[in-house]
Amino acid sequence: MIIGQLPKAFDPRKLARQGRQFEGSLALEQFGQLVDSLADDKGEVKVSLHFYMSEDHRVILEGSVSATLKMICQRCLDVADIPVTADLRLMGVLTDEQARALPEDFDPMMMGEEPVELVPLLEEELLLALPIVAYHPPEDCLAQKSFTTESEEEAQAFAEQVEEERTSSNPFSVLAELKKDTTN
C-alpha cells in the first residue's frame with residue numbers, strides 16, 4: 001500500500017491489475033466546485049482507494065473519501081462543521097450501455113484512452129454526499145438556544161397538552177353521534 005502521495009491522474013486498468021492501494025489527503029482548495037458551496041476552503045480531504053480486478057476481469061475501484069466541511073447552518077446562519085463521507089464502489093466501463101448494465105451496487109467509472117483525473121472523480125462523490133440542508137447539531141445551534149421565549153418546562157408542558165388534546169378529541173366523534181341518532 002502506498003501512503004501519502006495520491007496520483008493526480010491514473011490508468012484504472014493498470015492499477016487494478018497491480019492491485020494497488022492508496023491512502024492520503026488532498027487540500028480542500030483543489031475541489032473548486034465543492035468549495036463554491038462552502039463557507040471556507042481550508043482543510044483537507046482524506047482519501048482511501050483500492051483498485052483490483054473482479055472475478056470476471058472487470059476494473060473495480062473501492063474506497064472512501066471524507067472531509068469536515070464548513071457550511072452555513074440554515075437555522076442560525078453561523079458556520080457549522082459538517083462531516084461528509086462518501087463510499088466508493090466503482091466499476092470501469094467503456095460505453096453507456098455497459099454503465100446501464102452494471103450490478104446495482106456499483107456506479108460506473110468511464111474509462112477511455114486518457115487517464116482518469118482523481119480530483120473531479122472524488123469531488124463528484126463528495127458533492128453527492130453533501131446534506132441537502134446544513135445544520136448544527138441541535139445542542140450546538142445558537143438558534144435553538146436563543147430564539148425561544150419559554151423555559152424548557154413550559155415547552156414540555158405545552159407539548160404534553162397538545163398531545164393530550166390530539167388524542168382525546170377525535171374529529172370523527174361527531175360522525176359517531178350522527179350514526180347513533182339514525183339507528184334509534
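**Whole chain**

This is a predicted model, in which local features need pLDDT of at least 70 and side-chain atom pairs count only at pLDDT 80 or more, whereas totals for chains, interfaces and linings use all residues. Residues are numbered from 1 along each chain as its sequence is written, and side-chain values use heavy atoms, with hydrogens and water left out.

Begin with a cartoon view. The protein has seven helices and eight strands; these are DSSP runs numbered from the N terminus, helices being H or I of at least four residues and strands E of at least two. Of the 184 residues, 30% are buried. Here buried means under 20% relative accessible area, exposed means over 50%, and partly exposed lies in between (1.4 Å probe, protein chains only). The accessible surface comes to about 12400 Å², and carbon and sulfur atoms hold 50% of this area; areas come from the Shrake-Rupley method with a 1.4 Å probe, and for residues only the protein chains shown count as cover.

**The core**

Next, select Leu 49, Leu 69 and Leu 122. Within the largest nonpolar core, which has 40 residues, these three touch the most other members. Such a core is a set of buried Ala, Val, Leu, Ile, Met, Phe, Trp, Tyr and Cys residues joined through side-chain atoms within 4.5 Å. Among the elements that each supply at least two residues to this core are helix 1 (12-18), strand 4 (44-53) and helix 4 (118-129). Centre the view on Leu 49: beyond its neighbours within four places in sequence, its contacts (heavy atoms within 4.5 Å) include Phe 22, Leu 61, Leu 88, Leu 118 and Leu 122. A further core of six residues lies apart from the largest one; select Val 93, Ala 99, Leu 102 and Phe 106, which are among its members.

**Charged pairs**

Five salt bridges are found in the whole structure, each being a side-chain nitrogen of Lys or Arg within 4 Å of a carboxyl oxygen of Asp or Glu. Select Arg 89 and Asp 105, whose closest N and O atoms are 3.0 Å apart. Arg 89 belongs to strand 6 and Asp 105 to the loop between helix 3 (96-100) and strand 7 (107-110), so this pair ties together parts 16 residues apart in sequence.

Move to Lys 42 and Asp 41, which form a salt bridge at 3.2 Å, N to O. Lys 42 is exposed at 53% relative accessibility, while Asp 41 is partly exposed at 24%. Then select Arg 13 and Asp 11, a salt bridge with its closest N and O atoms 3.9 Å apart.

Which cysteine sulfur is nearest to that of Cys 73? Select Cys 76, whose sulfur is 3.7 Å away; this is too far for a bond, because a disulfide requires two cysteine sulfur atoms within 2.5 Å. The count of disulfides is zero. Cys 73 is buried at 0% relative accessibility, and Cys 76 is buried at 17%.

**A surface patch**

Finally, show the surface and select Ile 72, Leu 77 and Val 79, which make a nonpolar patch of about 260 Å². Patches consist of residues with over 30% relative accessible area and no salt bridge; like charges are joined within 9 Å and nonpolar side chains (Val, Leu, Ile, Met, Phe, Trp, Tyr) within 5 Å. Leu 77 sits in the loop between strand 5 (59-72) and strand 6 (79-93) and is exposed, at 62% relative accessible area.
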